[in-house]
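Subject: Handing over the structure

Hi,

Here is the structure I promised to pass on to you. Please have a look at it first, and then read on for what turned up in it.

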Amino acid sequence: YDIGEGVEKNSAKAVEWYRKAADQGDADAQCNLGNCYRTGEGVTKDPVRAVEWYRKSAEQGYAMAQCNLGYCYDIGEGVEKNSAKAVEWYRKAAENGNATAQKNLGLCYEYGTGVTLSKATAAEWYWKAADQGDADAQCNLGYCYENGIGVEKDDIKATEWYQKSAEQGNCRAQCNLGYCYDIGEGVEKNSAKAVEWYRKAAENGNAAAQKNLGGCYEYGRGVALSKAAAAEWYRKAADQGDVDAQYKLGLFYENGYGVAQNKEEAVKWYRKSAEQGYADAQYNLAELLYNVAGFLSWKDGEEAFKWYQKAAKQGHAGAQDSLGLCYEETDMEMEIYWGMGMGVEKDSAKAVEWYRKAAEQGLDSAQYHLGRCYEGGKGVTKDLTKAAEWYQKAAEQGLGSAQYQLGRCYEGGGMA
């Protein structure tokens, strides 16, 4: 009755017969009845009664019930959450050969949930479950081999386990296997194969694969280049909250790649990514806030300054340079552009501090701005030699304004 084998499927009838057998102590029936109460099939959903029946079955040594009871303790369903109890029941089931419990016990050891963290022990339990064909465990074991977690790093073994899992339809493994083909890790590099596996995972809803497939379309890697197709896949991943895809979609809307150019949409997607801490999105969002309305407003200026700060603190050179401009005491033209609505007091010393951070990362505009500070003695002791040194660094990267200033230094003898 439960699966409709030989009779018309009828969940209520299934519960009726499971109960008769369960009341007589049949462990299999007790576990199945617990499943019915947990899912609400054929009976009113009742997690507490599900736990009661799982416990009756588990105490008889029925591995699946032991695993299910462990899971209830793991997530606090029908019983108070208790990670140590979860491990206790997972272990009983795992030692009875239940692959799902072995995998779950591996997860407990990997993250130190209810047990002392041990990556090596986690890998051991993953292997036991993977060897029985558990697709999730196979993927987890592949990840362990790829990254040297609890085992010696071995790219070939990683791809072998990913392949086993991927062939069972595990979308994480499909995505990871696609990545291995994409970069030639553990297998010979093959962009077409990468696209094949990315697509399988992407069509199964895996956000990382959707993003990666978007990248393949964007650059024509393993597939005909199509910005429009790239945008479609980036959108699917972005809608699931993928921070990279949200940034990419913002970039596409800002520049009209594969979609109609739309600065408001760009701001929307950059903001989603920025709020998740993505530095490039934070910087691009700050830059766009100056231009969406055509000119600076107090509100946009204050928000832009906030995002410059966040990106700069993460080491984003462009944001550090822009933050320097926000703080710098500038001439009237720059004051109007950079100062209005920034909600920040001018501070030349802070400007120099941020210019230096960006300049030391090799950003030519920051090197030029730092040279300008040394030349004018703004926020730092005037030093024409240091000014020329920073101008030269920027000039050697091809920055025209720095090349001009460096020429002036040589002409005026400001460089030793």
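Let me start with helix 11 and helix 12. On the helix 11 side, Val195, Tyr198, Arg199, Ala201 and Ala202 make the contact, and they meet Ala209, Gln210, Asn212, Leu213, Cys216 and Tyr217 of helix 12. Sorted by class, this contact has eight nonpolar residues, two polar ones and one charged one. Please keep in mind as you browse that this is a predicted model.

How do the two helices lie against each other? Helix 11 covers residues 191-203, and its axis is 8 Å from that of helix 12, with a packing angle of about 140°. Since angles over 145 degrees are what count as roughly antiparallel, helix 11 is therefore oblique to helix 12. The crossing of helix 11 with helix 12 is left-handed.

Earlier in the chain there is another pair to look at. Helix 2 (residues 27-39) packs against helix 3 (residues 47-58) at about 165°, and their axes are 8 Å apart. That angle is over the 145 degree cut-off, so helix 2 is roughly antiparallel to helix 3. Here too the crossing is left-handed. From helix 2, the residues in contact are Ala27, Gln30, Cys31, Leu33, Gly34, Asn35, Tyr37 and Arg38, while helix 3 brings Pro47, Arg49, Ala50, Trp53, Tyr54, Lys56 and Ser57. By class, that contact is made of eight nonpolar, four polar and three charged residues.

Asp136, Cys139, Asn140, Tyr143 and Glu146 of helix 8 touch Arg172, Ala173, Asn176 and Tyr179 of helix 10. Four of the residues in this contact are nonpolar, two are polar and three are charged.

Several of those names return in the largest pocket, so do keep helix 8 and helix 10 on screen. Which residues lie nearest the centre of the largest pocket? They are Cys139, Tyr143, Glu146, Arg172 and Asn176, out of 17 residues in the lining. Helix 6 (99-111), helix 8 (135-147), helix 10 (171-183) and helix 12 (207-219) are the elements that each give two or more residues to that lining. Helix 8 supplies the largest share, with five residues. The lining divides into nine nonpolar, four polar and four charged residues, and the pocket holds about 290 Å³ of space.

Enjoy looking around!

Best wishes

Key: Residues are numbered from 1 along each chain as its sequence is written. This is a predicted model: local features need pLDDT of at least 70, side-chain atom pairs count only at pLDDT 80 or more; totals for chains, interfaces and linings use all residues. Side-chain values use heavy atoms; hydrogens and water are left out. On a 1 Å grid over the protein atoms alone, a cavity is a set of points where a 1.4 Å probe fits but cannot get out, and a pocket is an open set with protein on both sides within 12 Å along at least five of seven lines; lining residues have an atom within 4 Å of a point. Grid points are joined across faces, edges and corners, and a volume is the space filled by probe spheres set on the points. Helices (H or I, at least four residues) and strands (E, at least two) are DSSP runs, numbered from the N terminus. Ala, Val, Leu, Ile, Met, Phe, Trp, Tyr, Cys and Pro count as nonpolar, Asp, Glu, Lys and Arg as charged, and the others, Gly among them, as polar. Axes are lines fitted to C-alpha atoms, for helices over the stretch in contact, and angles run from 0 to 180 degrees between N-to-C directions. Angles under 35 degrees count as roughly parallel, over 145 as roughly antiparallel, 65 to 115 as roughly perpendicular and the rest as oblique. A crossing is left-handed if the near helix is turned anticlockwise from the far one by less than a right angle, and right-handed if clockwise. Contact means heavy atoms within 4.5 Å.
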